[in-house]
Amino acid sequence: RSKTPSLFSLPSPTPERLQQPPRKPDPRPYLCPAAAMPGGVDKIKNIVLVLSGKGGVGKTTVAVQIAQSMAAQGKKVGILDVDLCGPSVAKVLGLEGKEVMQSSEGWVPVYTDAQKSMCCMSIAFLLKNNDEAVVWRGPKKTAMIKQFVGDVVWGELDMLIIDTPPGTSDEQMATIEELKGAKLRGAVVVTTPQQVAVVDVQKEISFARKMGVRVLGVVENMSGFVCPCCQEVTDVFS
Amino acid sequence: MDNSAVPEACPGVESANAGKGSACAGCPNQQLCASGEAAKPDPAIQQIRQRLEGVKHKFLVLSGKGGVGKSTFSAQLAFALAGLDHQVGLLDIDICGPSQPKMMGVEGEQVTQSSLGWQPVYPLDNLGVISIGFLLSNTAEAVIWRGPKKNGMIKQFLKDVYWGDGLDYLVVDCPPGTSDEHLSVTSYLSASKVDGAVIVTTPQEMSLLDVRKEINFCRKVGVPVLGVVENMSGFVCAKCGTETLIFHPSSGGAEKMCQEMDVPFLGRIPLDKELMECCEKGTPYLAGIHSHEDEGELAEQIQNEGVCRKAMRSVVQGMVDGLGAA
């Protein structure tokens with residue numbers, strides 16, 4: 001397995017060196033932008049990202065619930081998990097242990113049932129062992145996400161929901177860049193009520209705007225706890 | 001070093017074939033690797049070792065999973081250690097979502113420069129905090145940086161911050177995951193003696209899945225696991241006293257996982273609205289020398305603490321005892 005290069009000779013950051021170098025065109029033909037690939041997302045009617053600046057607010061829970069609700073209405077839905085370090089979607093959908101098959105057109109996503117109502121792609125399907133840590137730096141994560149978007153035979157889905165890890169870094173940037181030319185409708189931002197989460201969510205909204213992604217709306221999760229015994233509502237997180 | 005277009009089959013900078021194999025063709029760093037420049041250890045690692053020589057205990061607060069309470073635990077642990085009259089530093093290396101300025105009650109403060117280095121912000125006399133949050137002019141502004149730029153910032157935090165004449169404890173609050181920030185902080189601290197990592201989790205299997213990965217990451221990079229803390233362990237209704245396990249430990253919770261993975265279990269902290277309020281206001285959760293100057297009063301206050309505070313205090317004391325005398 002190839003190792004990611006280390007950054008031992010990174011020069012000390014000075015204001016000039018902190019400029020991001022311009023992106024060079026990718027010379028490798030097998031990693032072309034999404035829209036040109038036989039696999040890829042060009043036939044998907046709607047793509048929605050689920051974002052949050054903060055971890056643990058319920059992005060995966062909300063993403064899966066949206067996907068399952070739409071599948072129950074008869075729509076063809078896909079769910080892509082670009083959280084490479086902590087992929088949760090496979091577990092939530094009960095698809096742990098499934099493997100990804102290769103076809104002549106690309107990778108075949110894992111279907112939740114025989115009717116193919118919902119399909120899923122996650123790095124969890126590519127790991128031999130669930131406890132194996134994926135210890136990758138940015139460039140390798142970016143390359144994997146490019147493959148998830150461009151090399152998977154998603155087909156003609158009504159909706160593709162993309163579950164992201166928390167933050168405004170490599171994974172989010174790679175996903176948005178790879179979706180250029182595809183029907184990315186916008187992003188749903190999830191938060192919990194506490195101030196620390198709200199501050200991170202403001203950052204995420206600012207990030208979405210800078211990257212040209214429409215914010216479809218904000219969901220406040222874990223909004224209060226109803227005691228099952230006495231029905232008393234406690235605002236645990238606010 | 002340009003890391004934006006590294007080929008997937010890169011053999012690694014330290015490999016004998018670095019820069020020479022067919023996989024290296026087209027990589028912008030091929031010359032650096034072929035000449036052997038890239039494999040030389042970063043001089044910053046020794047500079048960081050010198051900078052942190054006076055720090056008696058350094059540990060990382062990690063979790064594979066987000067939102068389990070790493071920052072909450074780091075902040076309250078730092079307050080608790082300062083409350084026990086130790087010199088404490090808190091380093092927040094979450095670049096995208098820095099929570100510590102808010103949780104320590106010092107939002108809006110600035111980091112100053114002196115001839116000795118960057119001066120942390122001091123919410124208490126014996127507790128200094130560093131975070132990228134202090135360097136942002138607008139907290140709602142996103143920090144949209146890729147890995148290499150984040151690594152550069154972390155290196156500066158470790159190399160250029162002057163923590164004072166000697167710290168008893170340096171707590172490093174990390175973001176969730178096993179990526180750039182984690183690799184960088186462990187590699188930059190490789191020559192400085194790091195006591196280990198404390199891993200925070202919530203009881204449900206969804207979190208434990210990611211925590212097992214984090215424990216394996218620590219083993220891979222050679223950082224000892226000091227133990228695992230189970231946060232949000234249960235909620236007691238203030239009205240009727242019923243305990244509900246909101247984040248149900250379907251697979252036995254953190255304690256069972258610790259037995260399976262052979263790591264110490266440091267304790268459980270229940271969900272407490274007061275703990276959340278302390279984090280919103282940036283105040284200490286546990287009583288200490290700053291809240292009670294009189295020793296007798298402090299001892300009485302500690303004795304009368306509720307179940308949740310007692311749980312937190314027992315975890316902190318367990319850690320202090322485990323690390324040895326400061």
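## A question to start with

What is the handedness of the crossing of helix 6 of chain B and helix 7 of chain B? Right-handed. Keep in mind that this is a predicted model, so read everything below as a description of that prediction.

## Helix packing in chain B

Let's stay with that pair. Helix 6 of chain B covers residues 180-188 and helix 7 of chain B covers residues 205-221. Their axes sit 11 Å apart, and the two helices pack at an angle of about 35 degrees. On the helix 6 side, H182(B), L183(B) and T186(B) do the touching, and they meet E214(B), F217(B) and V221(B) of helix 7 of chain B. Sorted by class, that contact has 3 nonpolar, 2 polar and 1 charged residues.

Helix 6 of chain B also has helix 5 of chain B (residues 147-160) as a partner, with axes that come within 9 Å and cross at roughly 35 degrees. This crossing is right-handed too. Helix 5 of chain B contributes G147(B), K150(B), N151(B), I154(B), K155(B) and L158(B), while helix 6 of chain B answers with D180(B), E181(B), S184(B), V185(B) and Y188(B).

## The annotated site in chain B

An unreviewed UniProt entry lists a "binding site" in chain B, made up of G64(B), K65(B), G66(B), G67(B), V68(B), G69(B), K70(B) and S71(B). Take G64(B): you'll find it in the loop between strand 1 (57-62) and helix 3 (70-83) of chain B. K65(B) belongs to the loop between strand 1 and helix 3 of chain B as well.

Are these two buried or exposed? G64(B) has a relative accessible area of 10%, so it is buried. K65(B) comes in at 16%, and because the cut-off for buried is under 20%, K65(B) is buried too.

Now for who they touch, leaving out neighbours within four places in sequence. G64(B) is in contact with P176(B), G177(B), D210(B), V211(B) and E214(B). That ties back to the helix packing above, where E214(B) in helix 7 of chain B is one of the residues meeting helix 6 of chain B. On the same terms, K65(B) is in contact with K70(B), P176(B), M206(B), S207(B) and D210(B), and also with G56(A) from chain A.

## Chain A and its sheet

Over in chain A, the secondary structure comes to 5 helices and 11 strands. The chain has 238 residues, of which 56% count as buried. Look at contacts between residues at least 6 apart in sequence, and 78% of them join residues at least 24 apart.

Seven strands of chain A form an open sheet with mixed pairing, in the order 5-6-2-7-1-8-9. The edges are strand 5 (110-111) and strand 9 (215-220) of chain A, each of which pairs on one side only. Further in, strand 2 (residues 77-81) and strand 7 (residues 159-163) of chain A run parallel, joined by 5 bridges. If you want a spot to look at, I79(A) stands opposite I161(A) of strand 7 of chain A.

Helix 5 of chain A (residues 195-210) lies across strand 1 (47-51), strand 8 (184-191) and strand 9 of chain A. Its direction is about 170 degrees to that of strand 8 of chain A.

## Some backbone spots in chain A

Most residues other than glycine have a negative phi. K116(A) goes against that, with a positive phi of about 60 degrees although it is not a glycine. K116(A) is placed in the loop between strand 5 and strand 6 (118-121) of chain A, and its 46% relative accessibility makes it partly exposed. M222(A) is another non-glycine with a positive phi, of about 50 degrees. M222(A) lies in the loop between strand 9 and strand 10 (225-226) of chain A, and is partly exposed at a relative accessible area of 25%.

Finally, have a look at G150(A), found in helix 3 (residues 138-150) of chain A. G150(A) is buried, at 3% relative accessibility. What is the spacing of G150(A) and G39(A) in sequence and in space? The two are 111 residues apart in sequence, and 6.0 Å apart in space, C-alpha to C-alpha.

Terms used: Residues are numbered from 1 along each chain as its sequence is written. Chains are lettered from A and ligands numbered from 1 in the order in which they are written. This is a predicted model: local features need pLDDT of at least 70, side-chain atom pairs count only at pLDDT 80 or more; totals for chains, interfaces and linings use all residues. Side-chain values use heavy atoms; hydrogens and water are left out. UniProt positions are given in the numbering used here, feature names are shortened, and annotations may be inferred rather than shown by experiment. Buried means under 20% relative accessible area, exposed over 50%, partly exposed in between (1.4 Å probe, protein chains only). Contact means heavy atoms within 4.5 Å. Two strands pair if DSSP finds at least two bridges between them. Axes are lines fitted to C-alpha atoms, for helices over the stretch in contact, and angles run from 0 to 180 degrees between N-to-C directions. A crossing is left-handed if the near helix is turned anticlockwise from the far one by less than a right angle, and right-handed if clockwise. Ala, Val, Leu, Ile, Met, Phe, Trp, Tyr, Cys and Pro count as nonpolar, Asp, Glu, Lys and Arg as charged, and the others, Gly among them, as polar.
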